[in-house]
Amino acid sequence: MASIALDIVRLHREDPRYPSAIRDYLGPDAPASLDAIGKLDVLNRRKLAVFCSVKCPGGVILQSYDLMQRLRQSDTAVVGGFQAPMEREWLSVLLRGPEPVVLCPARSIEGMRMPAEYRQPLRDGKLLILSCFPDGPDRPTVEMSLLRNRFVAALAD
């Protein structure tokens with residue numbers, strides 16, 4: 001079992017580990033720095049962004065569960081905010097699979113209470129928590145969620 005420190009790593013825009021897709025896609029709007037917890041090499045994998053509205057029709061819910069089951073066995077890292085109720089369910093499904101997940105909260109991760117279900121995936125290198133709000137508030141707002149969603153889309157291949 002791989003061991004990993006749960007310390008925050010700050011990536012400045014000039015850092016070679018800073019995702020080039022963020023600089024390329026967001027240009028001058030790219031965050032000056034990002035905060036990360038977990039193994040950064042997940043960012044070198046093929047990535048797919050997922051989003052879901054808070055309101056979601058029942059048929060789509062069932063289809064999305066099937067999709068998450070397939071994605072957790074694919075050769076793709078899944079990126080998302082995992083903030084909406086359906087997204088939180090997806091995260092639970094994905095964390096039970098072998099493929100990595102990039103969780104991008106719409107808030108700062110400084111002082112974040114680490115949920116128990118994140119600890120083992122972090123230690124195993126299957127979860128990367130990446131925030132584009134290193135000095136932001138610890139409570140998400142609608143505006144921060146929109147910025148985060150743009151960030152998630154920029155990370156995806």
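The model is predicted, with local features requiring pLDDT of at least 70, side-chain atom pairs pLDDT 80 or more, and totals for chains, interfaces and linings using all residues. Residues are numbered from 1 along each chain as its sequence is written, and side-chain values use heavy atoms, without hydrogens and water.

Helix α2 spans residues 58-71 and helix α3 residues 85-95; their axes lie 9 Å apart at an angle of about 30 degrees. That angle makes α2 roughly parallel to α3 (under 35 degrees). Contact means heavy atoms within 4.5 Å. From α2, Ile61, Ser64, Tyr65, Met68, Gln69 and Leu71 meet Met86, Glu89, Trp90, Val93 and Leu94 of α3. These contact residues comprise 8 nonpolar, 2 polar and 1 charged.

A nonpolar core is a set of buried Ala, Val, Leu, Ile, Met, Phe, Trp, Tyr and Cys residues joined through side-chain atoms within 4.5 Å; buried means under 20% relative accessible area (1.4 Å probe, protein chains only). The largest such core holds 25 residues. Ile22, Val102, Cys104, Leu128, Leu130, Phe151 and Leu155 have the most contacts inside this core. Two or more residues each come from α1 (20-26), β2 (33-37), β4 (77-80), β6 (127-131) and α5 (142-155). Helix α5 gives the largest share, 5 residues.

Beyond its neighbours within four places in sequence, Val102 touches Val42, Val78, Val79, Gly80, Phe82, Leu128, Leu130 and Leu155. A second, separate core has 22 residues, including Ile37, Cys52, Met68 and Leu127.

Definitions and conventions
Axes are lines fitted to C-alpha atoms, for helices over the stretch in contact, and angles run from 0 to 180 degrees between N-to-C directions. Helices (H or I, at least four residues) and strands (E, at least two) are DSSP runs, numbered from the N terminus. Angles under 35 degrees count as roughly parallel, over 145 as roughly antiparallel, 65 to 115 as roughly perpendicular and the rest as oblique. Ala, Val, Leu, Ile, Met, Phe, Trp, Tyr, Cys and Pro count as nonpolar, Asp, Glu, Lys and Arg as charged, and the others, Gly among them, as polar. Buried means under 20% relative accessible area, exposed over 50%, partly exposed in between (1.4 Å probe, protein chains only).
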